[in-house]
Amino acid sequence: MYSFLTTENWADYELVDSGNFEKLERFGDYYVARPEPQAIWDKHLPEQEWQRMANAVFTRDKGSQEKGQWKLKKGMPEQWFINYQYNDLKLRFRLGLSSFKHVGLFPEQDSNWKFIYDTTKKLKTPQPKVLNMFAYTGAATLAAKAAGADVTHLDSIKQVNFWARDNMEASNLDNVRWIVEDAMKYARREVKRGNTYNGIILDPPSYGRGPNNEKWQLENELNEMIKLCREMLDGTDYFLLINLYSMGFSAMVLDNLMRDTFGEQVQNEELGELYLHDSGNRRLPLGTFFRFSSVKR
């Protein structure tokens, strides 16, 4: 089933407007304007309204596609918290203004967090083991943990793991296993050890570096990583979720990889795109996903 999924019913988040390669978002009480390469259309709101509303505006450094500086209005903190609730799942996230335009959270992942929470609760295993690789600040980790999973959170950047730990504590959760390592090295070692997981979550970047300068390039590494996940995924009680944010990758790439690699294990599958909608009713595409599980939602 091909789906277009968006973030809904989140009181502390809103995509206010998008266009001219920018987006204006509300996180809690604060409005943030930052670059968005997919927003090639015109803005819906006038420029004066953006300037009035935005508490923080990100501007790229000259000659850089990612790194830049934030300009803050008086009263705008560099860090603040927002809340997230879905049914009985209640999480709290610390946000911060990084030099790479990110704030520590990807709101379009809302539907994936719901999938993780619902599916983990339906697994037959009393305390299912879940592995979250490329785990960033841990929203998916916490969704699985809150549903009763034994979670391993892996990211190659130590400071990001500290940030995820802050989110865990703010959400009144505990006992997550934190690992700072290159994802490919960890997966290869787990396969050799014969370790398996009931749930595997993947949100790999297009390009990245491990803690010892190991190189990750999506198009070169993804096929092997998916094969390693096949070896690590439990054969009877399971789910797998992969999300890609790469403008060069069609959702059909994931469809081919998953069906070739997992075969009949692909059940109750969903394939599609994640997006955010703004006040002008435009849909901003923010990634493709593929997810499947042994249980029906």
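**Helix 3**

I started with helix 3 and listed its buried residues: Ala139, Ala140, Thr141, Leu142, Ala143, Ala144 and Lys145. Buried here means under 20% relative accessible area, while exposed is over 50% and partly exposed is in between (1.4 Å probe, protein chains only). Helices (H or I, at least four residues) and strands (E, at least two) are DSSP runs, numbered from the N terminus. I noted that this is a predicted model, where local features need pLDDT of at least 70, side-chain atom pairs count only at pLDDT 80 or more, and totals for chains, interfaces and linings use all residues. Residues are numbered from 1 along each chain as its sequence is written, and side-chain values use heavy atoms, with hydrogens and water left out.

With 7 of its 8 residues buried, helix 3 is largely enclosed by the rest of the structure. I then looked up what its buried residues pack against: strand 8 (89-96), helix 2, strand 9 (129-133), strand 10 (150-155), helix 4 (158-170) and strand 12 (199-202). Contact means heavy atoms within 4.5 Å. After helix 3 comes Gly148, and its phi is positive, near 105°.

**Helix 2 against helix 3**

Next I checked how helix 2 (residues 110-122) sits on helix 3 (residues 139-146): the angle is about 25° and the axes are 8 Å apart. Axes are lines fitted to C-alpha atoms, for helices over the stretch in contact, and angles run from 0 to 180 degrees between N-to-C directions. The two helices, helix 2 and helix 3, are therefore roughly parallel to each other. For that wording, angles under 35 degrees count as roughly parallel, over 145 as roughly antiparallel, 65 to 115 as roughly perpendicular and the rest as oblique.

Helix 2 passes helix 3 in a right-handed crossing. I wrote the rule down: left-handed if the near helix is turned anticlockwise from the far one by less than a right angle, right-handed if clockwise. On the helix 2 side the contact uses Trp113, Ile116, Tyr117 and Thr120, and on the helix 3 side Ala139, Ala140, Ala143, Ala144 and Ala146. Sorted by class, this contact of helix 2 with helix 3 has 8 nonpolar, 1 polar and no charged residues. The classes go like this: Ala, Val, Leu, Ile, Met, Phe, Trp, Tyr, Cys and Pro are nonpolar, Asp, Glu, Lys and Arg are charged, and the others, Gly among them, are polar.

**Phe115**

While on helix 2, I picked out Phe115, which lies in that helix. Its relative accessibility is 2%, so Phe115 counts as buried. Which residues does Phe115 touch, leaving aside its neighbours within four places in sequence? I found Phe239, Leu241, Arg291, Phe292 and Arg297. Phe115 and Leu241 are 126 residues apart along the chain, and their C-alpha atoms are separated by 8.9 Å.

I moved on to helix 5 (residues 183-193), which packs with helix 6 at an angle of about 35°, axes 9 Å apart. Helix 5 passes helix 6 in a left-handed crossing. Helix 5 brings Ala183, Met184, Ala187, Arg188, Glu190 and Val191 to the contact, and helix 6 brings Glu221, Glu224, Met225, Leu228, Glu231 and Met232. That contact of helix 5 with helix 6 has 7 nonpolar, no polar and 5 charged residues.

Then came helix 6 with helix 7, whose axes come within 10 Å and cross at roughly 40°. Helix 6 and helix 7 are therefore oblique to each other. Their contact is made by Leu222, Asn223, Ile226, Lys227, Cys229 and Arg230 of helix 6 and Leu257, Met258, Thr261 and Phe262 of helix 7. I count these by class as 6 nonpolar, 2 polar and 2 charged.

In helix 7, I found Ala251, Leu254, Asp255, Leu257, Met258, Thr261 and Phe262 buried. Their cover includes strand 1 (2-6), helix 6 (218-232), strand 15 (239-244), strand 16 (270-277) and strand 17 (283-293).

**Loop residues**

Last, I looked at two asparagines. Asn20 is in the loop between strand 2 (13-19) and strand 3 (22-27), and has a positive phi of about 55° although it is not a glycine. At 37% relative accessibility, Asn20 counts as partly exposed. Asn281 is in the loop between strand 16 and strand 17, with a positive phi near 65°. Is Asn281 buried or exposed? Asn281 has a relative accessible area of 69%, so it is exposed.
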